Amino acid sequence: MPLLCIGHSHLACVTRAAVAAELPLRAFNFWDLPGAIVDDGGQPRFAEDIREALIGHAGPVFSFVGGGAHVVLGMLVHPRRFDFVLPDEPDLALDPAAEVLPATAVRRILQSMTDEYLTLMGEVRRLASGAMFHIEPPPPSADALRMHADVPWVMFPDRCREISPAALRYKLWRLHSQILRAWCSGNGVTFVEAPAGTSDADGFMLDDYYGDGAHANDAYGELVLAQMRQLA
């Protein structure tokens, strides 16, 4: 039975890795499927073919839904420059030029940006009869200079043309993962952490797995694919 995965852009590196390895994988990548998500009275739902695929699949389902809220919020410097103290690691650096906001306020903003995706994840959980796993988005890169050439600046017209400090981007990634982990824990979904050995001692993505600043590359996809095969 092919592995079944569903979600957004972080799925692409896994799809490419499966093609290279000639492994059967059925992937619904919403970035490549216009009309895959429809509005149903203000609530997002899947198109009929995706619903049928989920209902008819007896094996596990791997979710890559969402995964970019922390990137949208903080990859680039906001006009109202901000930072916060991550309660789990209060000694992480703060941006001296930024307004320090309460972590609870930043979490509420990030939660609001994630709610739509949590709704979709709930729909996957409702339709799928087998186990469901949610794959953690890859950790951020610390290399702002390298990232600068890869940023699709046109997609961020309201942001400054500056990469946010690495520590802020790391804290937002951690906070985003906490939101996902908490949702998974309360909804019968297994949260799958980023593959071991893909980040450095400070938690940043190793250069070998860098994709484009927001995504990981095919080598990272191979490791996620190995995780999925082990879980299936």
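Residues are numbered from 1 along each chain as its sequence is written, and side-chain values use heavy atoms, with hydrogens and water left out. As the model is predicted, local features need pLDDT of at least 70 and side-chain atom pairs count only at pLDDT 80 or more, whereas totals for chains, interfaces and linings use all residues.

A search of the whole structure finds 13 salt bridges, a salt bridge being a side-chain nitrogen of Lys or Arg within 4 Å of a carboxyl oxygen of Asp or Glu. One of them joins Arg-16 to Asp-218, with the closest N and O atoms 2.6 Å apart. This pair links distant parts of the chain, since Arg-16 lies in helix H1 (residues 12-21) and Asp-218 in helix H7 (residues 218-231), 202 residues apart; helices (H or I, at least four residues) are DSSP runs, numbered from the N terminus. Arg-16 is partly exposed at 40% relative accessibility, and Asp-218 is partly exposed at 30%, where buried means under 20% relative accessible area, exposed over 50%, and partly exposed in between (1.4 Å probe, protein chains only).

A salt bridge is also formed by Arg-45 and Asp-40, whose closest N and O atoms are 3.4 Å apart. Arg-45 is partly exposed, at 29%, and Asp-40 is partly exposed, at 44%.

The side chains of Arg-51 and Glu-123 meet in a salt bridge of 2.9 Å, N to O, and this pair connects distant parts of the chain, Arg-51 in helix H2 (residues 48-56) and Glu-123 in helix H4 (residues 103-127), 72 residues apart. Both Arg-51 and Glu-123 are buried, and they belong to a network of salt bridges that links Glu-48, Arg-51, Glu-123 and Arg-126.

Definitions and conventions
Helix = DSSP H or I, 4+ residues; strand = E, 2+ residues; numbered from the N terminus.
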